[in-house]
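Reader: I would like to go through this entry one feature at a time. Please give the general idea before each case.

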Amino acid sequence: MEGCVATELRLGLPGTDNVRNKKRPLQEADEECGANGKSDAQDETAPPAKAQIVGWPPIRSYRKKNIQAKKNDCEGPGIYIKVGMDGAPYLRKIDLKVYSGYPDLLQALENMFKFTIGKYSEREGYKGSDYAPTYEDKDGDWMLVGDDPWEMFITSCKRLRIMKGSEARGLGCG
Amino acid sequence: MPKRLAYSLPDEVLEHVFSFIQSDKDRNVVSAVCKSWYEIERWCRRKIFVGNCYAVSPKMVIRRFPQVRSIELKGKPHFADFNLVPDGWGGYVLPWITEMAGAYPWLDEIRLKRMVVTDESLELIAKSFKDFKVLVLASCEGFSTDGLAALAASCKNLRELDLRESEVDDSSVHWLSHFPETYTSMVSLNISCLGSGEVSFSALERLVSRCPNLRSLKLNRAVPLDKTANILRLAPQLVEFGTCTYSAELRSDVFSNLAGAFSNCKELRSLSGFWDVVPDYLPAIYSVCSRLTSLNLSYATIQSPDLIMLVSHCPSLQRLLVLDYIEDSGLEALASNCKDLQELRVFPSDPFDAEPNASLTEQGLVAVSLGCPKLQSVLYFCRRMSNAALVTIAQNRPNLTRFRLCIIEPNTADYLTGEPFDVGFGAIVEHCKDLIRLSLSGLLTDCVFEYIGKYAKKLEMLSVAFAGDSDLGLHHVLSGCESLRKLEIRDCPFGDEALLTNAAKLETMRSLWMSSCSVSFEACKLLTQKMPRLNVE
């Protein structure tokens with residue numbers, strides 16, 4: 001039984017127990033588990049529940065929140081925003097949370113819209129191409145992507161727009 | 001000594017002598033010598049500590065001690081930290097503030113722990129105590145930034161405002177701006193628990209710049225990194241600093257500004273915060289590391305190599321709080337670099353996952369116990385342990401005073417022998433004769449309690465979970481531990497008999513908590529009859 005629990009794939013969050021697992025358990029377990037895969041027998045003979053026992057382990061709530069916040073960074077709801085490119089017939093949607101930083105995001109945009117972005121520098125913006133990635137922030141202003149720290153950017157970005165042409169070349173200079 | 005001598009000293013002389021006696025215990029002994037000493041002492045006692053706010057009423061305290069300047073109150077039991085105490089249990093401070101507002105106009109210090117503090121209480125404090133200087137709210141709740149605004153506006157001599165680990169509601173008021181421009185008294189400010197909306201950075205900067213005596217500043221996580229350098233340049237005299245969020249990709253201008261600001265802080269001895277710290281920024285603090293005595297990295301998700309690099313720069317470290325990312329290798333580095341280490345706390349980075357996500361075992365703790373001769377206080381979360389390791393630790397470090405071990409999975413046995421940890425913890429209590437605090441975990445039988453009752457004569461606080469076989473366990477502890485003041489137990493087969501047999505012991509203690517044990521309601525009723533002065537609930 002212990003082997004069964006330890007190796008079966010689970011669909012619940014780590015630490016939660018008794019998540020009714022849609023995958024079939026291992027063969028040996030089948031007889032004991034019962035026909036429907038849901039196992040009362042498993043509950044009786046399984047090792048102490050890995051359910052979250054109230055107040056155990058003894059960690060204060062502000063620490064738990066910190067751990068949860070880190071997990072949510074990976075598992076929580078995404079930050080979906082619209083992306084448009086000048087001249088493209090329709091907009092796209094992306095989840096900012098899946099990117100680790102600006103290089104990752106810009107690479108994804110390049111792939112999505114089939115273009116090349118120039119090299120970013122604080123002084124000159126995106127040099128070397130006709131395109132500049134911009135975003136609308138919380139205040140409604142259009143900003144150049146890349147100036148702010150990444151964490152700040154993903155929380156304040158409302159939509160992305162890839163500017164093209166002379167308008168784009170003008171950005172970042174002067 | 002002839003009786004006459006005690007009466008021949010004038011009251012003023014005795015009062016002067018008593019003023020050198022600060023500890024509560026000693027003061028209590030002094031007041032028990034004779035009636036006149038009791039009288040003199042009670043009029044000149046300035047500091048009161050009430051460890052359990054329900055042990056005595058505010059009126060009784062005021063009646064006995066009419067001229068108190070400083071009070072410390074504790075409310076909920078320790079297990080409240082882990083959500084074991086239901087909401088609305090109590091620990092309300094308002095009745096105390098209301099009584100003291102009238103009786104102690106010169107009260108200048110209030111320290112509270114695990115109490116429910118309302119904005120009304122804070123407003124009453126602001127209004128009632130003209131010379132108010134120190135407010136410490138540790139793990140408190142029930143108030144908002146409105147209450148803080150009232151304090152900021154009225155308390156012109158406020159020196160210390162420490163909200164450590166409290167839960168504060170954001171009322172959206174810019175409370176920091178309520179400190180008038182003429183206010184310059186701040187010495188210690190801890191707002192690390194506040195959320196992002198609750199601190200106006202410009203108000204903070206102005207406050208810091210006009211408080212030349214500021215020694216301790218612990219900021220909350222919402223203050224951005226590039227602002228940290230500004231703050232440090234305004235307060236290079238800081239001794240303790242809690243950083244704000246580090247989360248940002250490395251920018252060389254920000255880095256050099258930060259490093260420069262830190263290098264100005266010649267008095268800095270303690271650092272904390274480090275939420276979301278990016279390892280690339282850590283070298284910015286290297287200039288202060290050699291003087292650091294206290295480092296709290298327990299929010300920092302940095303990995304072992306970076307942690308090792310950091311601790312190797314801190315030879316003066318006395319206190320380290322860290323996540324299990326430090327791993328055994330990091331603790332070995334700590335043991336060889338930090339010979340002054342007195343306190344170590346290792347927290348789990350992912351406590352709810354069955355599988356360990358960091359290579360931290362009992363070996364790390366053994367290494368520190370061997371390498372750090374001054375180690376006194378340990379809090380250690382891990383997933384495996386052995387009796388052999390515990391015995392080694394006990395033999396290496398008989399000077400331990402606080403030993404709290406949490407083996408994450410309940411009822412885990414010795415991974416080498418499959419045995420319970422009776423022998424291991426037995427060794428701890430036998431060798432560490434000055435042990436005052438102990439937390440047990442893992443598989444344990446009644447035997448461990450027999451050892452504790454036999455050896456742990458100085459033990460004041462014991463925490464027990466998922467342990468023991470029978471009432472005998474509880475009986476050993478209650479009958480053997482002479483100095484026991486706080487006992488907290490959950491999920492143990494302890495019941496009525498041990499409790500009732502040792503009822504008299506309970507009057508010598510501050511508190512006993514038992515949850516998910518085998519105590520019956522009838523036994524509690526019997527207990528109240530037997531011991532009418534106890535609060536039983």
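Author: Contact means heavy atoms within 4.5 Å. Among contacts in chain A between residues at least 6 apart in sequence, those joining residues at least 24 apart make up 49%. For chain B, counted between residues at least 6 apart, the share joining residues at least 24 apart is 70%. This is a predicted model, in which local features need pLDDT of at least 70 and side-chain atom pairs count only at pLDDT 80 or more, while totals for chains, interfaces and linings use all residues. Residues are numbered from 1 along each chain as its sequence is written, chains are lettered from A and ligands numbered from 1 in the order in which they are written, and side-chain values use heavy atoms, with hydrogens and water left out.

Reader: How many helices and strands does chain B have?

Author: Helices (H or I, at least four residues) and strands (E, at least two) are DSSP runs, numbered from the N terminus. Chain B has 22 helices and 20 strands. In chain A there are seven helices and seven strands, in the order α-α-α-α-β-β-α-β-β-β-β-α-β-α.

Reader: What share of the residues in chain B is buried?

Author: Buried means under 20% relative accessible area, exposed over 50%, and partly exposed in between (1.4 Å probe, protein chains only). Of the 537 residues in chain B, 55% are buried; of the 174 in chain A, 34% are.

Reader: Is B:Asp108 buried or exposed?

Author: B:Asp108 is buried, because its relative accessible area is 13%. This residue lies in the loop between helix H6 (94-103) and strand S3 (109-113) of chain B. Neighbours within four places in sequence aside, B:Asp108 is in contact with B:Arg69, B:Asp131, B:Phe132, B:Lys133 and B:Val134.

Reader: What area is buried between chain B and chain A?

Author: Buried area is the accessible area (1.4 Å probe) that two parts lose on being put together, summed over both. Here the figure is about 2,900 Å², with 56% from carbon and sulfur atoms. B:Phe82, B:Tyr299 and B:Phe352 supply 24% of the area that chain B buries against chain A, more than any other three residues. The contact takes 37 residues from chain B and 29 from chain A.
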